Amino acid sequence: MKKFLAIALSALIFAVCAVFFAACGERGNNGDETGNNNNGGNNGGAQQTVEADVYAPDGAPALALAQLMSEEMQFGGTVGYNVVNASTIQTYVTSNDGDPQAELAILPVNLAAKLLGTGENYQMLGAVTHGNLYILGKTEGAITSANLAESFEGKKVGCLQLNNFVGYVLRTVLSNAGIKFEIRQNKGEINDTTDTVYLYDVSGEEITPASGFDLMIAAEPAVTRKTNKTSLQVVGDLQALYGADGYPQAVLVAKISLIEENPGFIADFIEAVDANADWLKTAPAKDIYDAVAENLGGATPTFNEEDLTPEVIGRCAVRFEAAQDTKTRVTTFLSELSEVAEQTFTMSDAFFYAPKGAVMS
């Protein structure tokens with residue numbers, strides 16, 4: 001009888017242990033019931049299932065998420081990717097009820113400063129693009145810092161978004177070089193002097209060889225579409241003319257509530273965005289194009305699959321630089337933009353995200 005009881009007790013203990021280890025296997029290494037370590041990430045953190053909507057403008061900023069969209073990365077939660085018209089991106093990080101749609105978003109650095117720079121609702125995780133603006137001309141030539149004045153002075157220049165980011169960068173380059181410029185509305189007006197640059201706000205459709213402009217400013221990948229389909233040529237690189245390896249153009253932001261509640265998710269998301277730059281160098285153009293097109297809500301991207309050559313991808317300057325590593329660079333650039341825009345773009349210290357232990361620079 002004692003032998004029988006011992007055998008029965010051993011069997012019971014074995015069964016309980018089997019159930020326990022099976023449950024542990026289902027929960028994964030960190031006790032996450034989904035089995036995919038969804039929010040432990042690199043920093044540990046709360047074990048919750050994240051639901052996050054991510055928004056990025058069409059064009060180069062969307063390329064900063066191309067791998068994540070192509071592979072439908074979910075980071076153990078439910079992540080929705082949305083590529084939107086660049087003119088609407090601000091609507092996803094602002095709202096009247098204080099609860100914007102975007103948990104994460106990419107937007108121009110000046111717009112991020114203007115709308116979110118107090119650091120009350122969002123923090124900047126890092127810069128994701130660093131300048132994709134180029135000068136188009138009707139004849140061959142190379143505009144450099146050495147011949148910048150003679151290339152621009154007395155010329156009529158058509159610029160996309162003259163009263164926004166693109167125009168602010170152009171004005172900064174001219175201002176830093178001591179070149180006078182004047183903003184005009186009448187595109188048929190005759191130049192008055194030869195020592196002033198005349199700037200005009202234009203649409204993409206107006207950037208053609210038939211235009212009355214001597215030079216035109218546009219952004220990649222749209223620049224390549226123009227040069228492939230018309231006789232226009234790239235004659236200058238605004239990033240090189242600005243110097244300092246370009247400038248922080250588009251930044252990635254996240255809601256503070258998401259950052260505080262899910263630090264592991266944030267760490268994993270940043271790591272994926274960082275790795276995306278290398279993926280872009282070798283990924284098939286079709287995969288990159290499809291990643292953007294499939295998340296554009298039925299609209300057509302501003303570029304074609306044929307536009308996405310390695311050279312064009314390189315000129316989009318997509319790479320991740322963490323907020324704590326680029327704070328000085330961002331604040332200096334915003335100060336320059338503020339001068340030429342005649343409005344103030346600032347970011348508080350609280351707006352710059354840094355993982356625990358990181359040092360700002």
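Modeller: Let me begin with a definition: two strands pair if DSSP finds at least two bridges between them, and strands (E, at least two residues) and helices (H or I, at least four residues) are DSSP runs, numbered from the N terminus. This is a predicted model, in which local features need pLDDT of at least 70 and side-chain atom pairs count only at pLDDT 80 or more, whereas totals for chains, interfaces and linings use all residues. Residues are numbered from 1 along each chain as its sequence is written, and side-chain values use heavy atoms, with hydrogens and water left out.

Biologist: How do you know that β7 and β8 pair?

Modeller: Pairing needs at least two bridges, and β7 and β8 have 4 bridges, in the parallel sense; one of the partners is V197 in β8, which is bridged to F181.

Biologist: What joins β6 to β8, and what joins β5 to β9?

Modeller: Strands β6 and β8 run parallel and are joined by 5 bridges, with V157 partnered by L199 in β8. Strands β5 (residues 133-137) and β9 (residues 215-219) also have 5 bridges, but run antiparallel, and here G137 has L215 in β9 as its bridge partner.

Biologist: Why is β8 called largely enclosed?

Modeller: A residue is buried under 20% relative accessible area, exposed over 50% and partly exposed in between, with a 1.4 Å probe and protein chains only; 6 of the 7 residues of β8 are buried, so the rest of the structure largely encloses this strand. In the chain of 361 residues, 48% count as buried.

Biologist: How many helices and strands does the chain have?

Modeller: Counted as DSSP runs, there are 13 helices and 12 strands in the chain.
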